Amino acid sequence: MDLIGLRDVPLGRLLVTAGHVVGQRWNRYLAEEHGLTQAGMVTLMTLARHGELPHRAVAEACFIRPATLTGIVDTLERDGLVERQRDDVDRRSVRLVLTPAGRERVAALTNVMQSGRPMTSVDADPAKAAVIRQFLLEVIGSGEEPRVTALDARPEAPAC
């Protein structure tokens, strides 16, 4: 049985695979350099952007369920990055607040993301990065459902 090489994989599948690989690298970087998960980073960034918020509002902004956010906040609180505070007006509500250490972690992450330091080999080549950025923006912005094209509808390969 012949295995298909990456050069033979359809472009859409390569895009999914590349996203997965880059996501794994980013998650490893977050864990090793900042002691965070992707979910933890998003939670910190949400609080940095909006200020203290009720637990439910943070969950909505992070597109996760409040119950899922509980475990994330447990870890961030354990690490001294976030505090839970009872709302003075509605004692049933818990507000999430960044600690000074949490603000420092957000500043460090923001510096990395805005540094312009290449995170992939493609980032190091401005011409390649521009082409790929344009392609990704088109894919994301097209809003079209994927379509499979019949083999006979493809343009013929040029003759040698």
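Does Ile 140 count as buried or exposed, and at what relative accessibility? In this predicted model, Ile 140 has a relative accessibility of 68% and therefore counts as exposed, the cut-off for that class being over 50%. The residue lies in helix 6 and belongs to a nonpolar surface patch of about 620 Å². Helix 6, which spans residues 126–142, makes the greatest contribution to the patch, with 6 residues.

Charged side chains were examined next. Across the whole structure, 5 salt bridges are found. One of them pairs Arg 84 with Asp 74, with a separation of 2.7 Å between the closest N and O atoms. Arg 84 is located in strand 2 (residues 82–86) and Asp 74 in helix 4 (residues 66–78), so this pair ties together parts that are 10 residues apart in sequence. Arg 84 also forms a salt bridge with Glu 77, where the closest N and O atoms are 2.6 Å apart.

Arg 84 counts as partly exposed because its relative accessibility is 27%. Asp 74, at 39%, is likewise partly exposed, and Glu 77 is partly exposed with a relative accessible area of 32%.

A further salt bridge joins the side chains of Asp 79 and Arg 78, at an N to O distance of 3.0 Å. Asp 79 is partly exposed, with a relative accessible area of 31%, whereas Arg 78 is exposed, with a value of 63%.

Conventions
Residues numbered from 1 in each chain as written. Predicted model: local features only at pLDDT ≥ 70, side-chain atom pairs only at ≥ 80, totals over all residues. Heavy atoms only, no water. Patch = residues over 30% accessible without salt bridge, like charges linked within 9 Å, V, L, I, M, F, W, Y side chains within 5 Å. Areas by Shrake-Rupley, 256 points an atom, 1.4 Å probe, with all protein chains shown as cover. Salt bridge = Lys/Arg side-chain N within 4 Å of Asp/Glu carboxyl O. Helix = DSSP H or I, 4+ residues; strand = E, 2+ residues; numbered from the N terminus. Buried < 20%, exposed > 50% of the residue type's maximum accessible area, 1.4 Å probe, protein only.
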